[in-house]
Amino acid sequence: MPGATLMAMSRVGRADFQPIEVGANDRVFVLTGAGISAESGIATFRDAGGLWEKHRVEDVASPEGWRKDPKLVWRFYSLRRAQALTVEPNAAHIALAKLERAIGDRLFLCTQNVDPLHERGGSERVLHMHGELMKSRCSGCARAPFTDDKSYPDALPVCDRCGGAIRPHICWFGEIPFDMEVIGDALRRSTVFVTIGSSGAVYPAAGFVRAARSFGQRTIYVGPEEPENASAFDECRLGTATQVVPSLFSA
Ligand code: APR
């Protein structure tokens, strides 16, 4: 009964937050969303009202949008690349890198973000389930995605191997996120599940917490407001990422 779940969920004040003790047998799954990069100056999808220059984000971040107007799509991602080169990781990204140094591969860091701030904060193992802003791939041949921080405001880039169209290495609306099997395995093996800064509105990521609960894991949300899937968390720790994450774990 959803009401009962809500009643059982604790919403504690920031002063009462106890660090999550990560024991030698614990494995921690952390899912991050746009909120972890908000304090670095990258507007969340919601903050932007789902719009970019009066275009719906779905229109520039979907296979349909790409077919209709690839130049517009590249202009959108070119601006995002240029912005990503100017922003810095914040204390929350840095704290997760510190946790990785403490517990190694017992941390599984899965992000919905395409920005490179986890890596710049020092994280070495990051699964970008929605792709990476600073990579491109060929839509025509099987060549592997490659690092690419260039902007393409006018001419469309083409593959120097097959002549196919080069597209951003991003999982667009309507596409299947990357590495779902790897994520599923990590979810099953974890003992603690934490989401930081995600509205809980975009699936499949929004459903991970229910899977974690079904495996008996402790589930915790961090963000300034409750997400849409709040009822699936044991605790919602309300605060911004930089306020909460640096003292979130004790390992
Ligand atoms: N610290 C933590 N969380 C924050 C902060 C902050 N400083 N500021 C905002 N948030 C939270 C908001 O409360 C909201 O829940 O970040 C969340 C941002 O929500 P969305 O913009 O919907 O981002 P996200 O959940 O990551 O979106 C998922 O949708 O746009 C697509 O593919 C894109 O990966 C993205 C996916």
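## Shell around the ligand

Helix H2 (35–38) and strand E11 (218–223) each contribute at least two residues to the shell around the ligand, where helices (H or I, at least four residues) and strands (E, at least two) are DSSP runs numbered from the N terminus. The model is a predicted one, in which local features need pLDDT of at least 70 and side-chain atom pairs count only at pLDDT 80 or more, while totals for chains, interfaces and linings use all residues. Residues are numbered from 1 along each chain as its sequence is written, and side-chain values use heavy atoms, with hydrogens and water left out.

The ligand is surrounded by 21 residues, and the closest are Ala-34, Ser-198, Ser-199, Glu-225 and Ala-241; a residue is near a molecule if one of its heavy atoms lies within 4 Å of it. By residue class, the shell comprises eight nonpolar, 10 polar and three charged residues, with Ala, Val, Leu, Ile, Met, Phe, Trp, Tyr, Cys and Pro counted as nonpolar, Asp, Glu, Lys and Arg as charged, and the others, Gly among them, as polar.

## Polar contacts and cover

Polar contacts here are pairs of N or O atoms within 3.5 Å. Oxygen atoms of the ligand lie 2.7 Å from a polar side-chain atom of Ser-198, 2.9 Å from a polar side-chain atom of His-130 and 3.4 Å from a backbone N or O atom of Gly-197. On its own the ligand has 730 Å² of accessible area, of which the protein covers 89%, as computed by the Shrake-Rupley method with a 1.4 Å probe.

Strand E2 (residues 28–32) is mostly covered, five of its five residues being buried, that is, under 20% relative accessible area with a 1.4 Å probe and protein chains only, against over 50% for exposed and partly exposed in between. Val-28, Val-30 and Thr-32 point one way from E2, whereas Phe-29 and Leu-31 point the other way. In a regular strand the side chains alternate between the two faces of the sheet.

E2 runs parallel to strand E5 (residues 107–111), to which five bridges join it, and Phe-29 has Phe-108 as its bridge partner in E5. Five bridges also pair E2 in the parallel sense with strand E10 (residues 192–196), where Ile-196 is the bridge partner of Thr-32. Strands pair if DSSP finds at least two bridges between them.

## Cysteines

The count of disulfides, defined as pairs of cysteine sulfur atoms within 2.5 Å, comes to zero. Cys-138 is buried at 6% relative accessible area, but its sulfur is 3.5 Å from the closest cysteine sulfur, in Cys-162, and therefore too far for a bond. Cys-171 is also buried, at 13% relative accessibility, and its sulfur is 12 Å from the closest cysteine sulfur, in Cys-110, which is too far for a bond.

Definitions and conventions
Polar contact = N/O pair within 3.5 Å; in protein donor to acceptor, adjacent residues only side chain to side chain.
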